[in-house]
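This report is written to be read next to a sequence and its 3D model. Please keep both in view while reading.

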Amino acid sequence: MKKKLSDYQLLILASLLHDIGKFYQRTGAKFDWRKEGDNYDYENFTRKIRDGQSTKYSHVHGAYTAKFFREYLSQYDEAGVIAACHHVPENAINERQKFLAKLLTLADRMSSGERVEREEDEESGKPAEEPLTSIFSQIKLEGKEGKGKKDFKENRASEIKEFYTRLSPLDRTLNGFFPVDSRKEAFHNLSGQEAYKKLWNEFIKELNLLNKDEILSSIYYLLLKYTLAIPSAVYREKPDISLFHHLKSTAAIAACLYLLSEERGLREFESKIDNILRDINNLKTDEVSQALKKSSHLADKDFLLVGGDISGIQDFIYQITSENALKGLRGRSAYLQMISEILARKILLEFDLPEANLIYCGGGNFYLLVPKLRDSEDRLSRVQMEMDQILLRAHKGKVAAILSWIPVSYENFFLDFASLWQDLGCSLSLSKRRKFASLLASENPEQFREFVLGPFDQGGERKGCSICGEEIEPAQETCSFCDSLISFSNDLVKAVAILIKSEDKKPLPQKDIRWYHVPQALGFRYQFLSADEDAKIYRNSLVINSTDFAGKFQGFTFIARKVRGADRNVLTLENMARRASGIEKWGVLRADVDNLGFLFREGLEKNKTISRVSMLSSMLSLYFNARIAQLDNWMPKNNGHGLADDVYVAYSGGDDLFLIGPWSDLHKIAEVIYDDFRRFSCYRLTLSAGIFYAPRDKFPIYQAAKKAGEAEEIAKNNGKNRLSLFGEALEWNCLEKINRIIDLILSLLKGKNGREVPRSLLSVLYNIYLEKENKKEKKRKGEIYMERVWRLHYALKKLVRKLDDQQKKDLEQLINLIVINYEIYPYLNIATRVADYLTRKE
């Protein structure tokens, strides 16, 4: 039975699947000329470029797209015609289909940034043997890539020109998306065609599980799972764009074009499309100004790039008292991400746009592509005002959602889309200084005066919430909102899936506001689903941290939500401190990606298309959401105990993370994450991180977070690509030597057969470190000062007489490590203090 879709829905479905024929073609599938359907597809959806005895066709993947629809989605055959005609729109069956095919043709060209239509067969040669080049390996940061180790097998990539992504479906581990340096390995030691056939069979198996009547709601996620590792176009010198990101951005642009055509009239807009397609072929990089002068349409700003960000993240997440500090902490950060996601979905709903138009969402911010209709900016302003009203009432100005947008022209898609990304980021930063400004433009701004100017509390001696400090009634321990966030956090950890559904708005209550009142006021139901829900409700939900969704869920999402220890109980500051080695302390690790601004501004060089920008940002977000979500599965284990077993993931998303854990594990965890991220990013990107150790169990989380943030800034300000510990920034590759020094100190202090070295060794080492610090101070004053290394030798010589032979060797090794060319090793302080903490109990 054929499914009736609107023209708009037909175009979106056709756009999402217009190049599915490339996937099908690379499996080695053949056309059977005896079958009428196969013959028709080949004759009508390809372009004949040579006739006669040597007849040759180009764009054969269009015929494979038609074949796919005919064999697997026959109920959507009209969408199949539109999709298959994206290179030959003139071959569509009727004028309506021809128009929709033209919109798709232009969207396809804008997505890929192709200025010239290729007449040759872009799939010539052996496209099935060409793996996807990792987009990270194409990044050029002019010496900002950081230092790797000695060869690829040991994590060095600097001398290898290309890295490839394995032809694999997306799974929760991201293992298939770590680069390999061998084409053969990229295809799992199979021929390319065999690997494609295996992946195709898995794709079709799951396609058949989808509810075909609701194909538009789930095909997006199936494509994300199965086409993220497939190159979109192998005729390029380096095929680094995934088929998924090309399909996604094509659908986003096509949706905008259709809505523009509805507003401006089909006939008038079709003429414009014809002119733009003609002008594109004349748009050369070195002749842009001349091409624009000749074109009356390429400079038209018919689109808006919309950005959203959350202001007040630091205060909302971390400004909590020490008592009950971890209760709901993960929920607080997840709540802010929820606000960001619902705001993005609200804009999609406002413009009736598909999820493909959400170019990026992560780390509390998002980017959307919307059409620039006559009232688009008014609509966005209304959404901003509505958000301001609700968040101001719910959070008294502590949390705000910021919207900003910039116009986008047709030529921006062909020249430098990444610069728009940067411009919008700057615009969002400026807008953060004008929080709630939309309310001043409301019809009755006086009604919000009390929420802006206060007073917020009743004053006098009143009991405060044990988590956030807000005034509460005497019988309460926590305020209603914090209490609800504890439930939010618990439900998030236990949830199998999330249901996000638009519904009628419900006004905020006058008091006792809880987290779920906010999405309800915005017109959304946001619900965590447990394992014992009715199967029907799952079909409209997103399964969490799994890509096994077909036939059971609408799609999937990734959330880093580890808050339990090895005993499966929710971690507390106290038990994290108890599980540390040596002194009982907990600590905080904060880290983020270096040079992101430069990365998007310059790192992609001239290849700054919307598909490439979307893919790069999404892959980074995938790492911090999906990979960190599985932290305890890939961290090293020792005697069954995992390094990350007792780590609490307070936040991870976008391009940064915030972890809490036993102090003795954090620097090791930081090093493992750094090495893992370097490998994931082809050694082109680096992290800067800061660690702070809390002086006592009940030290306030917000202060620890602030101190760790300051430590991270020390790492950034001292050259980036560093870890800051005890106030010092060190290069990551120094950790190996520091760990060797720590091991030698521990070996001497613990000793064997009762022959341990006295703890005065630590004082000796620390005092000699102070010699180095004195030298720095003297040098700063312009004085000459020599480090008195002889004092170290003298102090240690007195210990030698009490040591056995092995201890003497250990001591000799220690001296050789910490004294280099008559100077003291600069990070001796770090090694000494860690060794001190490891051998203390209080």
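The model is predicted, so local features need pLDDT of at least 70 and side-chain atom pairs count only at pLDDT 80 or more, while totals for chains, interfaces and linings use all residues. Residues are numbered from 1 along each chain as its sequence is written, and side-chain values use heavy atoms, with hydrogens and water left out.

**The whole chain**

The protein chain has 32 helices and 22 strands. Helices (H or I, at least four residues) and strands (E, at least two) are DSSP runs, numbered from the N terminus. Of its 842 residues, 59% count as buried. Buried means under 20% relative accessible area, exposed over 50%, and partly exposed in between, with a 1.4 Å probe and protein chains only. Contact means heavy atoms within 4.5 Å. Among contacts between residues at least 6 apart in sequence, 72% join residues at least 24 apart.

**Two helix pairs**

Two packed helices are described by the angle between their axes and the distance between the axes. Axes are lines fitted to C-alpha atoms, for helices over the stretch in contact, and angles run from 0 to 180 degrees between N-to-C directions.

| Pair | Angle | Axis distance |
|---|---|---|
| Helix 14 and helix 15 | about 150° | 11 Å |
| Helix 24 and helix 26 | roughly 140° | within 12 Å |

Angles under 35 degrees count as roughly parallel, over 145 as roughly antiparallel, 65 to 115 as roughly perpendicular and the rest as oblique. Helix 14 and helix 15 are therefore roughly antiparallel to each other. Helix 14 passes helix 15 in a right-handed crossing. A crossing is left-handed if the near helix is turned anticlockwise from the far one by less than a right angle, and right-handed if clockwise. On the side of helix 14 the contact includes Tyr335, Ile339 and Leu343, and on the side of helix 15 it includes Leu380, Val383 and Met387. By class, this contact of helix 14 with helix 15 has 9 nonpolar, 2 polar and 5 charged residues. Ala, Val, Leu, Ile, Met, Phe, Trp, Tyr, Cys and Pro count as nonpolar, Asp, Glu, Lys and Arg as charged, and the others, Gly among them, as polar.

Helix 24 and helix 26 are oblique to each other, and their crossing is right-handed. Among the residues that meet are Met619, Leu620 and Tyr623 in helix 24, and Ile673 and Phe677 in helix 26. The contact of helix 24 with helix 26 has 8 nonpolar, no polar and 3 charged residues.

**Helix 19**

The 15 residues of helix 19 (residues 480–494) should span 21 Å at 1.5 Å a residue, and its end C-alpha atoms are 21 Å apart, which agrees. The expected span is 1.5 Å times one less than the number of residues. Buried residues of helix 19 include Phe481, Leu485, Phe488 and Leu492. The buried residues of helix 19 pack against helix 13, helix 14, helix 15 and strand 10.

Arg345 lies in helix 14. Arg345 counts as buried because its relative accessibility is 19%. Not counting residues up to four places away in sequence, Arg345 touches Tyr221, Glu355, Ile500, Phe524 and Leu542.

Leu368 is found in strand 7 (residues 365–371). At 0% relative accessibility, Leu368 counts as buried. The C-alpha atoms of Leu368 and Leu353 are separated by 9.9 Å.

Leu298 is in the loop between helix 12 and strand 5. Leu298 is buried, with a relative accessible area of 0%.
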